[in-house]
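Subject: Structure for you to look at

Hello,

Here is the structure I said I would pass on. My notes on what was found in it follow below.

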Amino acid sequence: MQPNQANSALEEYERSGSGKPPFVLTYPEVKLLGIAGVGFFLDAYDLFIINPVATMLQYRLYGGQSLPANLQGLLKAAANIGSVIGQFGFGYCADAFGRKAVYGKELMLIILATILCISTPTNVLSPDGCLLYLSFFRILLGIGVGGDYPMSASITSDRAVLRKRGTLLAYIFANQGWGSLVGSLVTIVVLACYKHVMNDEGETSKVDGVWRIVIGISLIPAFGTLYQRLTLPESTRFKKSQGEGNEEEGIEDLKEQKKTSEDGAEETKKFVDYFSEWRHFKILLGTCTCWFLLDIAFYGINLNQNVVLQQIGYDGKTGTAWEKLFKVSTGNIIITALGFVPGYYVTVLTIEKLGRKFIQIQGFLAAGLFLAILAGKFYTLSNAGFIVCFAFLQFFFNFGANATTYCYPAEVFPTRYRASAHGLSAACGKAGAIISAFVFNSLTNSIGTPAVLWIFFACCMLGAAFTLLLPEVAGRDPDLVLAEELKERGL
């Protein structure tokens with residue numbers, strides 16, 4: 001292939017913006033960010049919105065009493081349980097059948113599950129039955145949400161120019177902060193609209209409409225992005241990874257793949273053969289373990305924010321049902337704004353300069369430091385001191401391992417295995433989140449909150465240690481690394 005042919009074969013995403021700082025995006029990159037980023041916005045919105053929804057269901061189903069502990073744990077963990085299935089399942093399919101064949105299907109699943117969630121028949125089922133119904137369809141929602149992790153990461157990494165790859169991935173991951181923030185804002189706005197009927201007229205049961213609207217609003221950006229995802233063409237880089245020769249051969253290979261669709265056993269064998277070498281397996285071990293340890297601490301804190309809300313005086317223990325709900329929602333906005341969103345954008349601005357490895361290690365160590373302060377001084381810290389420590393903790397989660405554990409698998413693995421490896425890494429992370437969702441409350445009751453925070457501290461220290469298994473990926477093209485390895489072996 002001639003140089004000018006090679007250049008024309010590259011997509012616009014892959015050719016543009018060579019003379020600007022990495023964080024300054026071109027129009028094609030903004031468009032790509034919109035397609036992939038909105039999915040992650042929805043992921044965060046759906047995953048984090050369950051906190052205020054669970055509080056609302058207390059008033060609709062249990063007269064203001066707490067939800068049954070086991071069902072509350074299932075409700076909060078349901079989306080993460082589904083995510084484990086979706087992350088590896090969609091990741092595997094994206095490598096086996098192509099990104100184009102799979103992308104958009106995860107968003108269709110999110111839309112279907114969201115509609116089924118807001119159709120929960122609270123007037124027909126028992127309170128426990130309603131929670132089980134909602135939990136079941138939140139597992140389905142989680143499969144779609146989980147599928148978005150490897151899909152959006154590989155779609156972006158496949159198209160990004162090397163010097164901006166980490167920045168684009170960080171931009172997409174930053175939508176997690178916005179999804180959580182918008183979820184809290186929507187809750188406050190909808191609650192404000194219901195103030196008269198719930199607070200002045202005392203019809204607390206009308207909260208049934210609030211939680212359905214809050215969940216249902218996520219359908220707007222979902223439908224807005226669906227067509228773009230379903231019609232996104234296959235990337236040049238992925239086509240080349242499937243064909244060993246020029247682009248035309250790659251396209252023929254893809255056509256042949258669609259006819260024959262390599263059976264699962266053969267695809268699995270390729271994956272296992274590649275990662276049976278220690279130099280490859282140690283990287284997979286690093287991405288999986290770091291994400292697992294990070295999510296134990298991150299979701300342990302963020303899925304159980306009642307401890308934090310209590311410390312800052314927004315736990316909603318006093319007042320009418322509406323006032324309690326409004327106070328909790330206001331507290332959630334404060335938590336999200338305190339370091340949550342800012343941390344992501346410091347990562348965006350510095351990821352290409354500082355590197356992923358440095359950001360991940362310092363993030364783990366700094367988060368561990370503030371967890372240690374919170375654990376050691378839990379009962380003696382002033383409210384202001386607690387808020388400052390918590391803000392820095394959130395900041396260093398997001399200017400740190402929460403962002404880089406997402407970026408690493410999308411950058412360090414060759415295109416051929418990228419989605420599967422990213423899905424497996426993300427699934428390990430969600431396994432940590434599930435453990436936190438189920439164990440946090442019972443552990444807190446048996447050994448106390450400070451002891452649980454010390455466990456989170458230990459997870460951060462181990463995460464920093466396991467990061468040493470990973471190479472720095474700034475400016476590293478994993479496809480070229482794979483080509484060199486194959487050349488060494490004479491393949």
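Helices here are DSSP runs of H or I with at least four residues, numbered from the N terminus. By that numbering, Ile 455 sits in helix 24, which covers residues 449-467. Please keep in mind that this is a predicted model.

Salt bridges

How many salt bridges does a search of the whole structure find? The search gives 17. Some of them are described here.

Arg 99 pairs with Asp 95, and their closest N and O atoms are 2.7 Å apart. Both Arg 99 and Asp 95 are buried. For Asp 95 the relative accessible area is 2%, and buried means under 20%, so Asp 95 falls in that class. Asp 95 belongs to helix 5, residues 69-97. The pair is also part of a network of salt bridges that links Asp 95, Arg 99, Asp 158 and Arg 418.

Another salt bridge joins the side chains of Arg 165 and Glu 411, at 2.7 Å from N to O. This one links distant parts of the chain: Arg 165 is in helix 9 and Glu 411 is in helix 22 (residues 401-412), 246 residues apart. Arg 165 and Glu 411 are both buried.

Helix 11

A further salt bridge, between Arg 212 and Asp 208, has its closest N and O atoms 3.1 Å apart. Why are Arg 212 and Asp 208 separated by about one helical turn? They are four residues apart in helix 11, which is why the separation comes to about one turn. In general, an α-helix has 3.6 residues a turn, so residues three or four places apart point the same way.

Arg 212 is buried, and Asp 208 is buried too. Besides Asp 208 and Arg 212, the buried residues of helix 11 include Val 207, Gly 209, Val 210, Trp 211, Val 214, Ile 215 and Gly 216.

Cavities

The count of cavities of 30 Å³ or more comes to three. The largest cavity holds about 130 Å³ of space. It is lined by 15 residues, and those closest to its centre are Phe 48, Pro 52, Ser 180, Ser 184 and Asn 332. Two or more lining residues come from each of helix 3 (27-48), helix 4 (50-61), helix 9 (165-193) and helix 18 (321-337). Which helix gives the largest share of this lining? That is helix 9, with five residues. By class, the lining of the largest cavity has eleven polar residues, four nonpolar and no charged ones.

Helix 10

- His 196 is in helix 10, residues 195-200. At 49% relative accessibility, His 196 counts as partly exposed. His 196 and Trp 322 are 126 residues apart in sequence, and their C-alpha atoms are 9.7 Å apart in space.
- Met 198 is also found in helix 10. Met 198 is buried, with a relative accessible area of 4%. The C-alpha atoms of Met 198 and Thr 320 are 9.2 Å apart, while the two residues are 122 apart in sequence.

On the surface, Ile 435, Phe 438 and Val 439 form a nonpolar patch, and together they have about 230 Å² of accessible area. Ile 435 is in helix 23, residues 415-447. Its relative accessible area is 39%, and Ile 435 is therefore partly exposed.

The C-alpha atom of Ile 455 is separated by 9.6 Å from that of Ala 375, and the two residues are 80 apart along the chain.

Regards

Conventions:
Residues are numbered from 1 along each chain as its sequence is written. This is a predicted model: local features need pLDDT of at least 70, side-chain atom pairs count only at pLDDT 80 or more; totals for chains, interfaces and linings use all residues. Side-chain values use heavy atoms; hydrogens and water are left out. Patches are made of residues with over 30% relative accessible area and no salt bridge: like charges are joined within 9 Å, nonpolar side chains (Val, Leu, Ile, Met, Phe, Trp, Tyr) within 5 Å. Accessible areas come from the Shrake-Rupley method with a 1.4 Å probe; for residues, only the protein chains shown count as cover. A salt bridge is a side-chain nitrogen of Lys or Arg within 4 Å of a carboxyl oxygen of Asp or Glu. Buried means under 20% relative accessible area, exposed over 50%, partly exposed in between (1.4 Å probe, protein chains only). On a 1 Å grid over the protein atoms alone, a cavity is a set of points where a 1.4 Å probe fits but cannot get out, and a pocket is an open set with protein on both sides within 12 Å along at least five of seven lines; lining residues have an atom within 4 Å of a point. Grid points are joined across faces, edges and corners, and a volume is the space filled by probe spheres set on the points. Ala, Val, Leu, Ile, Met, Phe, Trp, Tyr, Cys and Pro count as nonpolar, Asp, Glu, Lys and Arg as charged, and the others, Gly among them, as polar.
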